[in-house]
Amino acid sequence: MARVRLTVAQRREELLGAAVEQIEKRGVAALRIADVAAALGVSNALVLYHFSTKEKLVAAAFNHAADGDLAHLRKLLGRRTSALRRLRAAVRWYAPTGTAKGWRLWIEGWAVALREPALREVARDLDRQWKAALTEVIAEGAANGEFSCDDPASAAWRLTAFLDGLAVQMTSYAGSLSRTAMLAWTDEALARELGLDREALTSALR
């Protein structure tokens with residue numbers, strides 16, 4: 001059966017999606033243009049037509065993944081509900097217990113970013129936008145009297161650092177902590193930053 005002819009934008013989207021999957025599976029160092037091409041049943045030449053080098057493909061793939069994560073974060077934080085509910089939904093999605101995909105991808109990206117300025121900028125921008133979005137909603141909730149937080153920006157930094165560290169541990173040492181324990185720790189970290197105890201947090205979300 002002949003392949004459906006895609007537009008340039010659609011083809012790039014398809015190639016980037018495949019590249020993200022292959023990076024998660026193989027890692028950046030082992031990734032080859034041929035792996036991405038084979039995953040889609042296309043030629044190496046087609047991949048190189050859109051991304052002239054492996055380095056450009058990898059950088060674009062991380063940009064693609066970052067855009068997807070940020071779009072979902074904005075969707076969660078844009079819901080028409082309390083700031084507390086939006087924060088908890090975002091934190092639970094971002095945590096390694098949630099439905100966010102790609103922790104292996106981002107851990108790989110952080111390692112490669114130590115040597116690759118283009119990837120470092122992608123990772124830094126994603127981190128900056130994530131913290132800014134959390135800061136905004138924490139400030140909103142504090143202003144509305146839902147909880148207490150004198151320094152929303154610092155709270156966002158601490159939450160992000162906690163979740164990043166937990167994700168690294170759970171990705172590197174899968175199964176070392178139960179999902180129930182991770183959810184409890186995540187709720188406790190959120191409650192602590194918002195001046196609540198865990199019982200008050202649970203009660204406010206009923």
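Predicted model: local features only at pLDDT ≥ 70, side-chain atom pairs only at ≥ 80, totals over all residues.
Helices are DSSP runs of H or I with at least four residues, numbered from the N terminus. Read along the sequence, the pattern is accordingly written α-α-α-α-α-α-α-α-α-α.

The overall dimensions may be considered next. The C-alpha trace spans about 60 × 35 × 35 Å along its principal axes. The protein has 206 residues, of which 42% count as buried. Its accessible surface amounts to about 11,300 Å², and carbon and sulfur atoms contribute 53% of that area.

Among contacts between residues at least 6 apart in sequence, 63% join residues at least 24 apart.

E193 belongs to helix 9, which comprises residues 179-193. Is this residue buried or exposed? E193 has a relative accessible area of 13%, and because buried means under 20%, the residue is classed as buried. Its surroundings can also be named: when neighbours within four places in sequence are left aside, E193 is in contact with S148, C149, A155, R158 and L159. One of these residues, R158, also takes part in a polar contact, in which its side chain and that of E193 are 2.8 Å apart.

Definitions and conventions: Residues numbered from 1 in each chain as written. Heavy atoms only, no water. Helix = DSSP H or I, 4+ residues; strand = E, 2+ residues; numbered from the N terminus. Buried < 20%, exposed > 50% of the residue type's maximum accessible area, 1.4 Å probe, protein only. Polar contact = N/O pair within 3.5 Å; in protein donor to acceptor, adjacent residues only side chain to side chain. Contact = heavy atoms within 4.5 Å. Areas by Shrake-Rupley, 256 points an atom, 1.4 Å probe, with all protein chains shown as cover.
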